[in-house]
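Please read this briefing with the sequence and the structure in view.

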Amino acid sequence: MGSQPPANILLRGTNWVGDAVMTLPAVAAVALNYPESRLTVLTRPWAQAVYRHQAGVAETLAQAPDGAHRGLGGRVRLARELAARRFDLAILFQNAFEAALITRLAGIPQRWGYARDGRAFLLTKAVPLTPADRFIHESFYYLNILERAGLSAPFARPRLRLAPDDQAEAETLLAREAARRGDFLLALAPGAAFGPAKRWPVENFAEAARLILADRPGRPLILGGTGEVEDAARLAQLLSDHQPVNLAGLVPLSISMALLARASLLVTNDSGLMHVAGALDVPLAAVFGPTNPRTTAPLGTSRLVRSAAPCAPCLKRECPLDRQICWDDVTPDRVAAAARELLEPPAAAPGAEPAVFLDRDGTLIEEVEFLSRPEQVRLIPGAARAVSALNRAGYRVVLVTNQSGVARGLFTLDDLERIHQRLRELLAGEGARLDAIYVCPHHPREGTAPEFTRPCGCRKPAPGMFRDAVAKLKLDPAASVWVGDRWRDLAAAEAMGGRSVLVMTGYGPDEAPKPECRPTLVAPDLRRAGEWILS
């Protein structure tokens with residue numbers, strides 16, 4: 001762009017509500033880089049409310065696919081409308097070929113976006129994709145466009161801003177239904193735009209709601225779009241004894257957002273309202289059957305109830321089986337239990353502190369097979385700064401590593417100590433420290449050093465080293481996060497009540513497709529994982 005920042009920037013937002021919420025960190029990053037620029041977001045009409053009141057966004061425009069912008073002529077008309085506004089830069093969060101074509105036809109001189117869908121020749125900055133990009137959370141995916149184009153793109157959790165008028169209208173609607181401020185308001189979102197396979201049965205929603213309301217008497221609030229009216233009506237009928245407030249299909253998204261902000265808890269499918277709740281800091285329990293939360297998990301306070309069916313996640317809109325089995329183990333009891341964890345989190349032991357449990361090779365330092373010498377230690381870029389930030393925020397940072405090379409006779413415990421001393425020195429050079437290092441020197445099966453071949457309970461994925469650290473360092477596992485590049489680094493998190501991040505450094509891209517790998521989040525690297533933890 002040269003030394004002169006662009007005065008007028010067009011952001012081509014995504015088309016769906018949930019995806020739009022996941023672009024908000026990138027929108028905030030654009031505003032951070034160009035504080036004096038005017039930002040306009042172009043999106044579909046139903047997603048405009050997500051962007052309309054965000055900091056730095058001056059205006060939202062709607063691309064109406066069924067109206068003025070329908071067909072080839074409509075796209076040309078849209079290009080002319082954009083040309084009249086004289087944008088200096090277009091940043092395309094939408095992946096489609098037409099997004100690049102329309103901005104090129106509009107004569108916008110700078111056009112940035114991913115080099116995909118055959119559109120690279122239409123872009124002035126065609127941002128390269130990497131194999132790992134298809135696994136990471138979508139918020140990081142959009143931030144990578146900016147970072148690879150040369151901008152600063154720190155991650156911050158999406159935060160939705162509401163219009164005062166919408167909040168007032170929501171209060172009026174609730175008052176009309178005799179739902180008072182301070183009442184326990186259980187929001188229910190039984191719909192999902194992706195397809196029928198994504199929708200948990202309405203009867204399950206009703207039973208989960210009954211179980212939750214048995215513990216906390218209150219009112220159900222049923223929300224959704226015009227395509228979910230039938231399911232919402234059925235749910236309201238099943239919950240008639242609880243006097244449900246059913247506004248599905250009756251209010252626009254902006255009012256639904258304001259209503260959701262008043263809720264005490266949301267029970268939802270994998271849907272746009274799930275992401276809205278996360279960005280409003282509303283606790284939520286979300287069910288996942290055929291879809292995959294690795295790339296689209298909500299970024300707020302949540303519990304995910306996932307199917308363990310062998311065919312899940314299949315990512316199909318409609319189940320091809322005679323009976324959809326991925327919901328068999330996603331029971332109302334499980335969802336109600338997840339809700340209770342959100343409403344009444346387990347108390348930590350007195351004085352217990354949060355921790356970040358780090359894997360070593362491929363997460364904190366570059367992967368070297370059976371690393372045996374201190375001079376082989378190289379920090380992954382950004383890793384030390386992440387550890388330093390976690391230190392300053394009050395997290396105990398604990399390194400937990402399997403080192404079967406000791407049992408194999410490839411290096412000794414003394415060699416390992418020298419390696420870790422070098423690691424401490426490199427971290428200290430960037431203002432970072434490890435609070436403890438736990439090592440399993442045992443062979444996974446059998447080895448050449450007899451003293452290290454006995455069966456052990458410490459080798460990851462076993463939780464032995466983590467339990468030892470919790471006891472010795474007085475840590476709170478429920479407030480802690482596990483970070484690693486292999487599923488075995490993260491397996492103890494779910495059992496111990498914590499969260500986990502799979503990073504795409506090291507073996508991460510090979511691990512992500514494995515069904516046993518069930519992280520809370522997938523991040524590009526430790527730097528991004530640290531930003532998420534601190535957000």
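The briefing below covers the nonpolar cores, the strands and helices, a pocket, and some individual residues.

This is a predicted model, in which local features need pLDDT of at least 70, side-chain atom pairs count only at pLDDT 80 or more, and totals for chains, interfaces and linings use all residues. Residues are numbered from 1 along each chain as its sequence is written, and side-chain values use heavy atoms, with hydrogens and water left out.

**Nonpolar cores**

- A nonpolar core is a set of buried Ala, Val, Leu, Ile, Met, Phe, Trp, Tyr and Cys residues joined through side-chain atoms within 4.5 Å. Buried means under 20% relative accessible area, exposed over 50%, and partly exposed in between, with a 1.4 Å probe and protein chains only.
- In soluble globular proteins, nonpolar side chains tend to be buried together.
- The largest nonpolar core holds 126 residues, of which Ile91, Phe93, Leu260, Phe357, Leu364 and Val483 touch the most other members. Helix α1 (residues 17-33) gives the largest share of this core, ten residues.
- Helices (H or I, at least four residues) and strands (E, at least two) are DSSP runs, numbered from the N terminus.
- A second, separate core has 33 residues, including Ala209, Ile222, Leu235 and Leu239.
- Contact means heavy atoms within 4.5 Å. Apart from neighbours within four places in sequence, Leu260 is in contact with Ala187, Leu223, Leu266, Leu273, Val276, Ala277, Leu280 and Val282.
- Helix α9 (residues 253-261) is mostly covered, with eight of its nine residues buried. Among them are Ile255, Met257 and Leu260.

- Two strands pair if DSSP finds at least two bridges between them.
- Six strands make an open sheet with parallel pairing, in the order β9-β8-β7-β10-β11-β12. At its edges are β9 (245-246) and β12 (302-306), each of which pairs on one side only.
- Strand β11 (residues 284-288) runs parallel to β12 and is joined to β12 by five bridges. Opposite Phe288 stands Arg306 in β12.
- Helix α7 (residues 202-215) lies across β7 (185-189), β8 (219-222) and β10 (265-269), and runs at about 165° to β7. Axes are lines fitted to C-alpha atoms, for helices over the stretch in contact, and angles run from 0 to 180 degrees between N-to-C directions.

- Four bridges pair β13 with strand β14 (residues 396-402) in the parallel sense. The bridge partner of Phe357 in β14 is Val398.

**The second largest pocket**

- On a 1 Å grid over the protein atoms alone, a pocket is an open set of points where a 1.4 Å probe fits, with protein on both sides within 12 Å along at least five of seven lines; lining residues have an atom within 4 Å of a point.
- About 1200 Å³ of space lies in the second largest pocket. Of the 40 residues in its lining, Ser302, Arg303, Gly498, Arg499 and Thr520 are the closest to its centre.
- At least two lining residues of this pocket come from each of β12, α12 (332-343), α16 (487-496), β17 (499-503) and α18 (526-534).

**Backbone features in loops**

- Ala312 and Pro313 are joined by a cis peptide bond with omega about -5°, and Pro313 is found in the loop between β12 and α12.
- Leu315 is in the loop between β12 and α12. Leu315 has a positive phi, near 65°, and is not a glycine; at 51% relative accessibility, Leu315 counts as exposed.
- Pro461 lies in the loop between β15 (436-440) and α15 (464-473).
- Phe370, in the loop between β13 and α13 (383-392), has a positive phi of about 50° although it is not a glycine. Phe370 is partly exposed, with a relative accessible area of 34%.

- Leu160 lies in the loop between α5 (138-148) and α6 (164-176), and counts as buried at 10% relative accessibility.
- Leu160 and His53 are 107 residues apart in sequence and 7.9 Å apart in space, C-alpha to C-alpha.
- Ala471 is in helix α15, and counts as exposed at 59% relative accessibility.

How values were computed
Points joined across faces, edges and corners; volume = space filled by probe spheres on them.
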